[in-house]
Amino acid sequence: MSIWFVPRDAAARSMGADAVALALEGRGETVIRNGSRGMLWMEPLVERAESRHGARVGWANMTAAQIEAGLPDEQSTQYVGVVEEIDYLARQNRWIYERVGVTDPIDPEDYLAHGGLSGLKNALAMSGSDVVQAVTDSGLRGRGGAGFPAGIKWRTVADQSPAPHAGESPSAAAHKYICVNADEGDSGTFADRMLMEGDPFCLLEGMTIAAHAVGADRGLVYLRSEYPDAIATLQAAIWIAREQGWLGEGILGSELNFDVEIRVGAGSYVCGEETAMLESLEGRRGMVRAKPPLPAIKGLFGTPTVINNVLTIASVPSILARGAEAYAALGQERSLGTQVFQLAGNIAHGGIVETAFGITARALVADFGGGTRSGRPIRAVQLGGPLGAYLPDDKLDVAMTYEALAEAGGMIGHGGIVVFDETVNMAEQARFAMDFCVEESCGKCTPCRIGAVRGVETIDKIRAGQDVAGNTALLRDLCDVMTQGSLCAMGGLTPNPVLSAINQFPEDFQSPVIATG
Amino acid sequence: MNHSRYPEWQAEAAEALIAPIVAAEPGPVLLCLQAVQAHFGYVPGDAVGMIAKACNVSRADAHGVFTFYADLRDTPPPAVPVRLCAAEACQAVGGRELKTDWAAACGDDAVLAGLTGVDEPIFCLGNCALGPAALVDGELMGCADVARLKAAVTQAQATGEAL
């Protein structure tokens, strides 16, 4: 008898996947709720196999009404053939996302059947120091945006002694923490969410490997409240992992004791900045801390703390399973391994593309993405989230690496790519960038707190046609102050979208328009 | 007016929620605020003082945490909250226009406006390839438009009343 797969991912659910699954069950069919393949324009993408691990064929954009009318067949116009042979998937190189969309995310047997825990088993057979070395050798860099080498961060934490919480007596229990930053606030990014919903055990396995490597005993995942499905799925996975002995005491028969809890955010973008995240985890306002001390030395509650993004940690199991050398053979320059790119905004084929660093932005947007959803020409592409630059269509041949993008005035950020068609007004986007900083600034440093407010005012004057040359010069000066003088990336990088809009699309700042606010 | 899904504010119940958090967790202020809101739907002023006392921080400190986070509210939530994503990926596919249209729809329909409350800005729901994204009573919607939003509100209201 056939087995049907209907994604439980929030994006698929947002397009009616639950009703489709119910309709299939209503017909007496066996339904497994898998993660999403990441071809989001096809959601709900319903798949069918003749056995649990057999080849799967699919139908895109299925509705419950269609299922109620009859099971889909190969003659349907929505039939997409063998799912893994679809060009969009076949051309990817999936490491982090190897199981996402394939497995039932919270079925531990499915996890094991698809290579789960092989990275952790390899790691536990090595010394912690050798695991740190493997991560260093892989070239893995932080995927949250800053791109700091993960191995160096881990080495720093590994070299510290565990410490009691700040304010406790020196004889109190000493800890080191693994804190995963799952505060994925950048617009145009959803890879953390889809990983946590589609393969949460992978994140837990990565955290456990990190704990073994640096000698940590506690793990926290700081997960944004805007992701209720991810919270529920990861929480379910934590409970199951404890039952399986994958978390807790004596993990997999080793001497490793490590457990993980979720902390839910409360609607603050700046808490994705690592020191603001620590403040929030300690229950305070998410105000950025000055560095030093580095969190690796004095982090959460004053203890040595690894802080990594979801994708950084989720890269580790496959690196330990397949080898650091194989990982480092991918990519170019100092951008090694794979990156999970996210195609978003006005794009025909939006979704997840995991591939080696070095692919061009154009290949992602045009070859994978298929151009705009509206069918109009591309005017601008924002790379790296709300703090990333806007590039015009003729600058998209840049290679997606940390180095090439920095040279082109952009950044890879968390791998998000937001496409705009020709209807976009770039002065409006520049204003939004400043306004977002007004909303989300933590308020600790003046360039960010005051500068963003002045930035909105000045852009409004430019858009109203008041002394355009003078106010543009003033805005550039203000951006310079914010870049040089802000304590963290919030104020320091907000000028990126603003200045790129002015520099690449000056015509949008010339003709007086009424500010729409 | 209190929405039926949440119990009326009750100090003893709040104290019972807070006590185990304070006992178990270092840095419990935000966790306590979140627990109170999850239970009662909002954080009344009385709760902020109670949490400050239980956590041994000043009332000003607890109030500072409360006001920092956009999620935390000091009034009961609307019956069927509707929130539209205000961030770039949704702007690229008509998010701004949807906000305008939704405000107009609520302006024309006092019952709808009363049910769904003010559309407070929310920045990114992680559904950036299927925008405009919206959150209707906690459920994510892709490719949102006014008609689908209204239908989802009606459905959520029916589900709520059936409970």
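Me: A crossing is left-handed if the near helix is turned anticlockwise from the far one by less than a right angle, and right-handed if clockwise. Which kind is the crossing of α2(B) and α4(B)?

Reply: α2(B) passes α4(B) in a right-handed crossing. Helices here are DSSP runs (H or I, at least four residues), as are strands (E, at least two), numbered from the N terminus. This is a predicted model, where local features need pLDDT of at least 70 and side-chain atom pairs count only at pLDDT 80 or more, while totals for chains, interfaces and linings use all residues. Residues are numbered from 1 along each chain as its sequence is written, and chains are lettered from A and ligands numbered from 1 in the order in which they are written.

Me: OK. At what angle do α2 and α4 of chain B pack, and how far apart are their axes?

Reply: The angle between helix α2 (residues 29-40) and helix α4 (residues 59-68) of chain B is about 60°, and their axes are 10 Å apart. Axes are lines fitted to C-alpha atoms, for helices over the stretch in contact, with angles from 0 to 180 degrees between N-to-C directions. The pair α2(B) and α4(B) is therefore oblique; under 35 degrees would be roughly parallel, over 145 roughly antiparallel, 65 to 115 roughly perpendicular, and the rest is oblique.

Me: Which residues of α2(B) and α4(B) meet?

Reply: From α2(B) there are B:Val29, B:Leu30 and B:Leu33, and they meet B:Ala62, B:Val65 and B:Phe66 of α4(B). By class, that contact has 6 nonpolar, no polar and no charged residues. Contact means C-beta atoms, placed from the backbone, within 7 Å. Ala, Val, Leu, Ile, Met, Phe, Trp, Tyr, Cys and Pro count as nonpolar, Asp, Glu, Lys and Arg as charged, and the others, Gly among them, as polar.

Me: What about α7 and α10 in chain A, at what angle do they pack?

Reply: Helix α7 (residues 128-138) and helix α10 (residues 200-214) of chain A pack at about 120°, with axes 6 Å apart. They are therefore oblique to each other, and their crossing is left-handed.

Me: What classes of residues are in the contact of α7(A) with α10(A)?

Reply: In α7(A), A:Gly128, A:Val131, A:Val132 and A:Val135 meet A:Ile209, A:His212, A:Ala213 and A:Val214 of α10(A). The residues of this contact divide into 6 nonpolar, 2 polar and no charged.

Me: Switching to the chain contact: how many residues does it take from chain B and from chain A?

Reply: Chain B puts in 32 residues and chain A 48. On the chain B side, α2, α4, α5 (88-91) and β3 (139-141) each supply at least two residues. The most comes from α2(B), with 4 residues. The side of chain B that touches chain A has 23 nonpolar, 7 polar and 2 charged residues.

Me: What helices and strands does chain B have?

Reply: Chain B has 8 helices and 3 strands, in the order α-α-α-α-β-α-α-α-β-β-α from the N terminus on. Its C-alpha atoms fill a box of roughly 50 × 35 × 25 Å along the principal axes. Chain B is assigned domain 1 (11-68) and domain 2 (82-162), and the C-alpha centres of these domains lie 30 Å apart. Domain bounds come from an automatic or database domain assignment.

Me: And chain A, how many helices and strands?

Reply: Chain A has 21 helices and 18 strands. Its radius of gyration is 23 Å, close to the 24 Å of the globule rule for 517 residues, so chain A is as compact as a globular protein of that length. The radius is taken over C-alpha atoms, and the rule is 2.2 Å times the number of residues to the power 0.38. The C-alpha box of chain A is roughly 70 × 70 × 40 Å along the principal axes.

Me: Into which domains is chain A divided?

Reply: Chain A is divided into domain 1 (3-90), domain 2 (108-328), domain 3 (331-421) and domain 4 (426-509). The C-alpha centres of domain 1 and domain 2 of chain A are 33 Å apart. In their contact, 7 residues of domain 1 of chain A meet 7 residues of domain 2 of chain A. The domain 1 side of that contact has 1 nonpolar, 4 polar and 2 charged residues.

Me: Backbone check. Which residues does the cis peptide bond with omega about 0° join?

Reply: That bond joins A:Lys291 and A:Pro292. The peptide bond from A:Pro292 to A:Pro293 is also cis, with omega near 5°. A:Pro292 lies in the loop between α12 (274-281) and β11 (305-309) of chain A, and A:Pro293 is in the loop between α12 and β11 too.

Me: What is phi of A:Asp467?

Reply: Phi of A:Asp467 is near 35°, a positive value in a residue other than glycine. A:Asp467 sits in the loop between α18 (446-463) and α19 (468-485) of chain A.

Technical notes. Contact = placed C-beta atoms within 7 Å.
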